[in-house]
Amino acid sequence: MSGAVSSLGKPVRRAQSGTTEPTWVRWLLLSIALGFMFLFLVLPLAAVFTEALRKGFDAYFEAFKEPDAWSAIRLTLITAAIAVPLNLVFGVAAAWAIAKYEFKGKAFLTTLVDLPFSVSPVVAGLIYVLIFGAQGWFGPWLQAHDIKIVFAVPGIVLATVFVTFPFIARELIPLMQAQGTEEEQAAIVLGATGWQTFWHVTLPNIKWGLIYGVILCNARAMGEFGAVSVVSGHIRGQTNTMPLHVEILYNEYQSVAAFAVASLLALLALVTLVIKSVVEWQHEREMRAAVDLPPERPGA
Amino acid sequence: MTLLSQRRKAHRVLPGFNLTLGYTVLYLSLIVLIPLSALLFKTFTLSWDQFWTAVTGPRVLASYRLTFGASFLAALVNVVFGLLVAWVLVRYDFFGKKVVDALVDLPFALPTAVAGISLTALLAGNGWIGQYLEPHGIQLAFNPNGVVIALVFIGLPFVVRTVQPVLEDAEKELEEAATCLGATRWQTFTRVIFPSIAPALLTGFAMAFARAIGEYGSVIFIAGNMPMVSEITPLIIIGKLEQYDYAGATAVAVVMLVFSFILLLIINALQAWQRKRGGAPV
C-alpha cells in the first residue's frame, strides 16, 4: 500500500525499534547536521535582517520611501498576479488530462511539462529576447506597431510564466494519479455534469496540493531573478522587479536599502515556508483520519 | 492491482479530455516549445565555424570548467550533508524538528538574489564569517570558493527531499534481521540501508547538479565575476547579450540547453529506476 505518492503525502512514521546507533554517534550526527543547517540556512537568513537593520529602523524604513522601491514592489505583485493564475489554470488542465486518461505520448508530455525546470533562467530570458527583441522574429512588426514586449512589462511576465510553468502541474499530477477516477466516475454516473464533478468531487480532493503548488509558484514568481534580469532592461521605476531593485541598490553600495528590500523578500520566503508546513500537516492529518476510518468495502 | 485495472477500463467516461489536453498542448507550445525552438532556429543561422568559435573561446571554456566543476563539487557536498540531514530528520527525535524540517526548503523559497547578497555579506572580508577566516588567508567570497558555497545553498533541498521519503519507507525489519544475524550497525548501513537509498541519492545528486549548472542569481554576487577565473557560463550569455552579440549568446545557450536535456533524461531514467526498486514516491 503506497498512500504516499505525492510529495505532500508523507507516511505516518513508524515506532522506533531496537535498531539504532550508539548515543554518541547519534549526538555526533545530529550536531553535524544541525551545524551545517545553521551555517548554510540560518545564518544567511539572519544576515538579511541584521544587515537591513544595521543602521536602525529609521534607515530601514527610509528605503521604502523611495518611489523606485514602490514601483518595484508594484511590478512584482502585478507579475505574480498574472503569472500564477495562468499557470494555475494550466496546471489543473494538464493534471486532469494526464492523470485521468490514458493516451499515447503521456510520459513524453509529462517530461515536456517539467522542461522549464531544467532550463537555466538566463536561457529562459534569452528565448523571449530572440522572439520579441528588436532583432527577433516579431521585432520589426512590433516596432512598426509600437508594441514593446522585451525590456517592458509583458516580457517580464512572459519570462516569469516560463520559469514558474511546471510548479502547480507537477504538484497536482501525482496527487490526482494516486486518487484515481472512481469518485469522478461515480459522480458522472449519478448525473453530475463535468464541471459539477470537478467542482464538488475533484477540487476538494486536490485542494491541499493546489494550495501547495500555488504558494511555491508564487514564491518563485516574486523572487525570480535570472530570467527577468535578461528581459527587463533595468529601467528604474519602470521595469524593475524587487529582486532587480535589490541588485541595483547593492551594486550602488546602498547596502542597507538593498537588504531592506531583500528583507521583504525573505519575509515572503518565511511566510511561504509556514503556509507550506501548515498545508503538509493538514494533509497528513487528513490522511491519518482516512486511515483510521473502518474499511468500507468488505472482502477485497 | 484490481483498482488499477478497473481504472484502465472505464477511462473515457469522464468528460473534458479534448478540452484539457488541447489546452495543455496549446499553452505548452506557446510558452515553452515555440520560444525554445527560436533558440535552435537562431543557431541554424550560424555557420558551423561561427558556432564552434563562439562556444570554444578561451573565456567560454574557462566558464564551462568553473560551472561544471563547481556544480559537481556542490552536488557532492549536498549528497553527503543532504543524506545526513535526511537521516537525522527521519530517524532521530529532537527539539524543534518540525522547524528544521520546514527550514530545509528555504533555498526553494528564498529569492536567489537575496541568497546571493546575504551569503556575500557573511563571507566577504568584513562579514560575520569572513572576518575570522581572512586573517588566516582563507578567502571564501569573490572567487570560485564562493561559487561552490552558493551552489551548495541552492542544491541542498533536492537531496534531502528525494532521500527523506525513501528513508521513511525503508523497512526496519530488514535492519533488525541484519542485526540479529550479527551485522554491526556500520555493516547494516553499508550493506542494507545504503543500497536501498542509493537510487534516491543519485537522483538528488543529478537534480542538484542540474539546478546548479543553470543557477545565476545567487552566484553572481559572490563570485566576483573575473573573466577566466570566476565567471560562470550563464554570465557569459548575459555578457554577450549586453554586447549585442545575439548569435554568440545563442550558441552558448544551446550548449547549456543540450546539457540540461541530457541531465533531464538521466534524471527521468533514475526516477524510473527508483520506482522499480522500491515504489518510492517521486
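The model is predicted, so local features need pLDDT of at least 70 and side-chain atom pairs count only at pLDDT 80 or more, whereas totals for chains, interfaces and linings use all residues. Residues are numbered from 1 along each chain as its sequence is written, chains are lettered from A, and side-chain values use heavy atoms, without hydrogens and water.

**Exercise 1. Describe the fold and surface of chain A.**

Step 1. Chain A has 13 helices and zero strands; helices (H or I, at least four residues) and strands (E, at least two) are DSSP runs, numbered from the N terminus.

Step 2. The C-alpha trace of chain A spans about 70 × 60 × 30 Å along its principal axes.

Step 3. The accessible surface of chain A is about 13,700 Å², and carbon and sulfur atoms hold 66% of it.

Step 4. Among the 300 residues of chain A, 55% count as buried, a class defined by under 20% relative accessible area, with exposed over 50% and partly exposed in between (1.4 Å probe, protein chains only).

**Exercise 2. Characterise the interface of chain A and chain B.**

Step 1. Contact (heavy atoms within 4.5 Å) links 97 residues of chain A with 99 residues of chain B.

Step 2. The two chains bury about 9,100 Å² between them, 74% of it on carbon and sulfur atoms; buried area is the accessible area (1.4 Å probe) that two parts lose on being put together, summed over both.

Step 3. Two salt bridges are counted between chain A and chain B, each requiring a side-chain nitrogen of Lys or Arg within 4 Å of a carboxyl oxygen of Asp or Glu. Lys276(A) forms a salt bridge with Asp105(B), with the closest N and O atoms 2.3 Å apart.

Step 4. Helix 1 (residues 23-52) of chain A supplies the largest share of the side that touches chain B, 20 residues.

Note on methods:
Accessible areas come from the Shrake-Rupley method with a 1.4 Å probe; for residues, only the protein chains shown count as cover.
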